[in-house]
Amino acid sequence: MTAPPEPDPRTEELRTRLAAVAERIDRATADAGRSDRPQLIVVTKFFPVEDVLRLAELGVRDVGENRDQEASAKADAAAATPAGRDLRWHFIGQLQSNKARSVVRYARSVHSVDRVPLVHALGRAVLDHRPAELGPLACWVQIDLDPGVDRGARSAGMTGTSGGTGRGGAPPDQVLPLADAIAAAEGLTVAGVMAVAPRGDDPDPSFARLAQIAADLREAHPSATGISAGMSADLESAIAHGTTHLRVGSDVLGPRPAVG
């Protein structure tokens with residue numbers, strides 16, 4: 001009689017980590033009095049495609065990447081396997097317009113739309129390069145929640161980086177113009193808003209502000225029901241303030257490997 005195969009240690013580690021994160025999400029959802037459980041996006045940047053496929057075997061369907069070169073290679077490799085064909089890829093990093101053609105080939109959504117020229121690039125790319133089976137590209141307006149950022153420079157187009165403790169994104173007063181541009185582009189939909197809490201600050205005020213911005217946006221664009229916020233360190237706060245999509249990396253996959 002053939003002995004059963006030994007369990008893969010890395011798969012078992014991921015299983016344990018996923019269960020711990022799921023428990024945190026369930027507890028925070030209950031504490032917030034919510035009946036709608038936020039969607040978990042596992043951020044797999046810098047980890048090999050083998051880990052992505054292990055996650056797929058464990059039931060993960062949504063994965064996030066922030067560099068196109070890495071993401072496109074992983075998406076192609078995963079699509080060639082039974083486990084990886086049903087994955088939904090989310091692009092969550094700062095995106096250069098010249099990468100739009102590549103990103104629309106595999107990404108279900110882009111969480112980091114922060115300027116109108118990028119909207120235009122994505123719109124053109126979707127018409128010419130997007131596989132029909134992926135459907136419209138869901139676009140999230142990334143918002144800079146750093147209260148100390150130079151708004152004049154940001155409004156002039158210097159998005160994607162931030163001074164102070166910010167993590168990038170458009171100024172709050174540019175959310176509606178960006179959403180209008182997305183809605184006007186064929187093949188794009190306004191999914192909602194995305195933000196990262198400023199480093200070193202209590203995330204509660206930032207996520208409360210984000211929730212209000214999201215509510216205001218829904219008045220103009222009812223399809224914009226999503227809030228992409230909350231990572232390993234602050235997912236409880238994000239859930240308390242209504243996030244619909246969590247982006248968790250290290251608590252599922254462990255410390256990121258060194259990248260040269």
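User: What covers the buried residues of helix H8?

Analyst: This is a predicted model, in which local features need pLDDT of at least 70, side-chain atom pairs count only at pLDDT 80 or more, and totals for chains, interfaces and linings use all residues. Residues are numbered from 1 along each chain as its sequence is written, and side-chain values use heavy atoms, with hydrogens and water left out. Buried means under 20% relative accessible area, exposed over 50%, partly exposed in between (1.4 Å probe, protein chains only). Helices (H or I, at least four residues) and strands (E, at least two) are DSSP runs, numbered from the N terminus. The cover over H8 includes helix H7 (175-184), strand E6 (188-194), strand E7 (226-228) and helix H9 (235-240).

User: Which residues of H8 are buried, and why do they line one face?

Analyst: An α-helix has 3.6 residues a turn, so residues three or four places apart point the same way. In H8, Pro203, Ser206, Phe207, Leu210, Ile213, Ala214 and Leu217 are buried. Seen down the axis of H8, they fall within an arc of 115° (taken from the directions from the helix axis to the C-beta atoms), so they line one face. Pro205 and Glu219, on the other side of H8, are exposed.

User: How many residues does the largest nonpolar core have?

Analyst: A nonpolar core is a set of buried Ala, Val, Leu, Ile, Met, Phe, Trp, Tyr and Cys residues joined through side-chain atoms within 4.5 Å. Here the largest has 68 residues, and Leu122, Leu188 and Leu210 have the most contacts inside it. Helix H5 (residues 116-129) gives the most to this core, six residues.

Key
Contact means heavy atoms within 4.5 Å.
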